[in-house]
Amino acid sequence: MANMKKIFSDTLMEMLRIKPLNAITITDIVNQCGVSRQSFYYYFDDIYDLIEWYFIQETEKALSEYSDIDSWQTGYIRIMRWGQKNKALIMNTYKSIQQEYIEIFMYRVLYQYIFKVVQEEAQNLNVLPEQCAFVAKFYTLAINAISLEWIRTGMNESPESIAESVSFMIEGDFRKALLKFQNSNKK
């Protein structure tokens with residue numbers, strides 16, 4: 001099963017290297033793979049489901065070992081380097097009619113890692129779960145916006161430079177925000 005999913009995703013990724021997502025159909029994919037449309041629909045609901053599966057596989061590989069407070073920047077750099085290596089794929093997906101899809105996907109991926117860092121920072125603090133979730137949401141949106149601007153402008157700036165700037169801007173801020181929530185909870 002995973003092998004057929006990989007075949008479909010590899011085929012789509014090859015196509016995305018040369019044309020935008022909105023110019024690719026399921027028929028194109030299955031014809032290239034030499035299988036029926038039913039085979040595709042056995043594994044995926046649509047092209048976006050396939051893209052999501054592919055991006056999840058790649059981001060999990062890139063971030064699996066970098067989800068704590070001391071190394072999330074390394075994972076972030078790794079994801080951005082992967083993006084640079086797959087620039088045509090990223091740009092053709094981003095420039096498609098469904099560019100908000102990549103924005104939503106990036107948010108979901110970043111949020112899960114930022115949330116882990118926030119939870120770690122919230123240990124021994126008197127903060128509510130929804131307050132932790134809000135802090136994670138706030139910083140995820142900020143980092144996501146920086147990442148999307150990097151994609152929109154051609155992915156030319158080094159991932160290390162962006163990660164360093166992001167780290168500089170948010171260093172200590174997760175804890176500071178959580179402490180503010182803790183103080184507001186005492187009132």
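**Helix packing and the nonpolar core**

Helices α7 and α10 cross in a right-handed way (the near helix is turned clockwise from the far one by less than a right angle). The contact is made by Ile 114, Val 117, Val 118, Glu 121 and Ala 122 of α7 with Phe 174, Arg 175 and Leu 178 of α10, where contact means heavy atoms within 4.5 Å. This is a predicted model, in which local features need pLDDT of at least 70 and side-chain atom pairs count only at pLDDT 80 or more, while totals for chains, interfaces and linings use all residues. Residues are numbered from 1 along each chain as its sequence is written, and side-chain values use heavy atoms, leaving out hydrogens and water.

**How α7 meets α10**
- Helix α7 spans residues 99–122 and helix α10 residues 173–186; they pack at about 60 degrees with axes 9 Å apart.
- By class, their contact has six nonpolar, no polar and two charged residues.

**The largest nonpolar core**
- This core has 57 residues, and Leu 12, Ile 29, Phe 55, Tyr 76 and Ile 151 touch the most other members (a core joins buried nonpolar residues through side-chain atoms within 4.5 Å).
- Its largest share, 11 residues, comes from α7.
- Not counting residues up to four places away in sequence, Ile 151 touches Ile 90, Met 91, Tyr 94 and Met 106.

**Helix α6**
- Six of the eight residues of α6 (residues 87–94) are buried, so this helix is largely enclosed by the rest of the structure (buried means under 20% relative accessible area, with a 1.4 Å probe and protein chains only).
- Those buried residues are Leu 89, Ile 90, Met 91, Asn 92, Thr 93 and Tyr 94.

How values were computed. Axes are lines fitted to C-alpha atoms, for helices over the stretch in contact, and angles run from 0 to 180 degrees between N-to-C directions. Helices (H or I, at least four residues) and strands (E, at least two) are DSSP runs, numbered from the N terminus. Ala, Val, Leu, Ile, Met, Phe, Trp, Tyr, Cys and Pro count as nonpolar, Asp, Glu, Lys and Arg as charged, and the others, Gly among them, as polar. Buried means under 20% relative accessible area, exposed over 50%, partly exposed in between (1.4 Å probe, protein chains only).
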